[in-house]
Amino acid sequence: MTRAQLEAAGIHKVAEERAKERRYLQSQKKMEVKKSVRFREDVNVDKGSTSQMTDTKDTSDINELALALAKHAIDAAVKSVEEAEHPVKNINWITHGEFTAERGCKQIEEFVSKWEYQGRWVHYTEFLRREDVIHSFYYIYCVHWSIPTARIPIAQISAGVYFTIKINKNKPPDAPIDVSYVFESQRLVHRPGMTRFREKWLRDIIEAKHILIDPNIFQFNSIGIFQNILGF
């Protein structure tokens, strides 16, 4: 080959290599563009999923709050109706200057007689003790409740309601006495005029004691024998 032919061949080869290089660079750019588009799509999908999850959670929280408010409103309405139909009854309690252990016992009897319960229940009030606690005297009483039946005229099991009359040594004679009471085996402290009595509280105590004495008696509850034993 002549020198001119060799130079022409070299120039052609260089041109082919540059063309290959351009095609390679173009293909790389296309791949980068595709990757960028795919990345944007993935990010958009993730954002959409996260936004949807956030919206779902917000909706769930709003629904729970709405249900809680509705339940509170219903409970308040039911309580209001119950109080209107069955107002909480109380008595005029004596003052510190009028108080004696015997008068305290009579006042408790007068107070529990205001409770609503079936006539089969009987009760009596017992003065238990006086406790001297720093600035006050605590007079402790127990009202025993039971249901005598024809089969068991003297009930062997009773439910107790424990009353505490607090006499403050530093209060004037015309100050009213402080009264509170709790039902046996319960911790909730009640005060006169604040809570409406429920007969079920006494029944629960009686039933619990029967089960402790004879655990097998509970299996008869489904056919009514349990209630018959208690006289309900």
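A residue counts as buried when its relative accessible area is under 20%, and as exposed when that area is over 50%. The exercises below use this cut-off on a predicted model.

**Exercise 1.** Decide whether F111 and W115 are buried or exposed.

*Solution.* F111 has a relative accessibility of 1%, and therefore counts as buried. W115, with a relative accessible area of 8%, is buried because this value too lies under 20%.

**Exercise 2.** Work out how the rings of W115 and F183 are arranged, and which parts of the chain the pair ties together.

*Solution.* A pair of aromatic rings is described by the distance of the centres and the angle of the planes. For W115 and F183 the centres are 6.0 Å apart and the planes stand at 25 degrees; planes under 30 degrees apart count as stacked, so this pair is stacked. Since W115 belongs to the loop between α2 and β1 while F183 belongs to strand β4, the pair ties together parts that are 68 residues apart in sequence.

**Exercise 3.** Find which residues of helix α2 are buried, and where they lie around its axis.

*Solution.* The buried residues of α2 are G104, C105, Q107, I108, F111 and V112. Around the axis they cover an arc of only 165 degrees, which means that they sit on the same side of α2. E102 and K106, on the other side of the helix, are exposed. The buried residues pack against strands β1 (122-133), β2 (136-146), β3 (159-168) and β4 (178-183).

Notes. Residues are numbered from 1 along each chain as its sequence is written. This is a predicted model: local features need pLDDT of at least 70, side-chain atom pairs count only at pLDDT 80 or more; totals for chains, interfaces and linings use all residues. Side-chain values use heavy atoms; hydrogens and water are left out. Buried means under 20% relative accessible area, exposed over 50%, partly exposed in between (1.4 Å probe, protein chains only). Helices (H or I, at least four residues) and strands (E, at least two) are DSSP runs, numbered from the N terminus. The arc is that of the directions from the helix axis to the C-beta atoms. Contact means heavy atoms within 4.5 Å. Rings of Phe, Tyr and Trp (its six-membered ring) pair if their centres lie within 6.5 Å; planes under 30 degrees apart count as stacked, over 60 as edge-to-face and the rest as tilted.
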